[in-house]
Amino acid sequence: MRTILALVLVFSSAAAMAQGAPPTVGGKPLVQVKPKAVAAKPSGAAAKPQSIAAKLQACLEIDDATKERLNCYDAIFTPKPNPKAPAAKAVTDCRFHKEEDDRLTCFNGFAEKIPKLPQ
């Protein structure tokens, strides 16, 4: 009888403690649960910003001679049309071409010269 009474006392006190407030350290809960969105990311894999070369190669995956590919390039380098644009010496100079076809051709030329980057 005493054993049963002792067990009831232990279990009831444990249940009462479990329903209390969680233990805190400095006013913060001892155990913190991360939101699902944060917990879903693999550990140690911070979102690295893509290089310009990787972005240009991603644009190459869009069908050639389409407005979508030009929009992709324009998102990387904002167009600044110049009617007297000199010949492009770098990929950043392509943004100065006024004609969309010329601008697309210019971007394609530079993007295709980039060596394939590892995924």
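Modeller: In this predicted model, the cover over the buried residues of α4 includes α3 (52-60) and α5 (100-113). Those buried residues of α4 are Arg69, Leu70, Tyr73 and Asp74. They lie on the same side of α4, because their arc around the axis is only 140°. In general, an α-helix has 3.6 residues a turn, so residues three or four places apart point the same way. Glu68 and Ala75 are exposed, on the face of α4 turned away from the buried side.

Now Asp74. This residue sits in helix α4, residues 67-76. Asp74 counts as buried because its relative accessibility is 14%, and buried means under 20%. Leaving aside residues up to four places away in sequence, Asp74 touches Pro79, Arg103 and Phe107. With Arg103, the contact includes a salt bridge between side chains, 3.1 Å from N to O. That pair links distant parts of the chain: Arg103 belongs to helix α5, Asp74 to helix α4, and 29 residues separate them. Both Arg103 and Asp74 are buried.

A salt bridge also joins Glu100 and Lys67, with the closest N and O atoms 2.9 Å apart. Here too distant parts of the chain are linked, Glu100 in helix α5 and Lys67 in helix α4, 33 residues apart. Glu100 is partly exposed at 39% relative accessibility, and Lys67 is partly exposed at 40%.

Arg69 is buried, at 5% relative accessibility. Its side chain meets that of Asp64 in a salt bridge, 3.1 Å from N to O. The count of salt bridges comes to three.

How values were computed
Residues numbered from 1 in each chain as written. Predicted model: local features only at pLDDT ≥ 70, side-chain atom pairs only at ≥ 80, totals over all residues. Heavy atoms only, no water. Helix = DSSP H or I, 4+ residues; strand = E, 2+ residues; numbered from the N terminus. Buried < 20%, exposed > 50% of the residue type's maximum accessible area, 1.4 Å probe, protein only. Contact = heavy atoms within 4.5 Å. Arc of directions from axis to C-beta. Salt bridge = Lys/Arg side-chain N within 4 Å of Asp/Glu carboxyl O.
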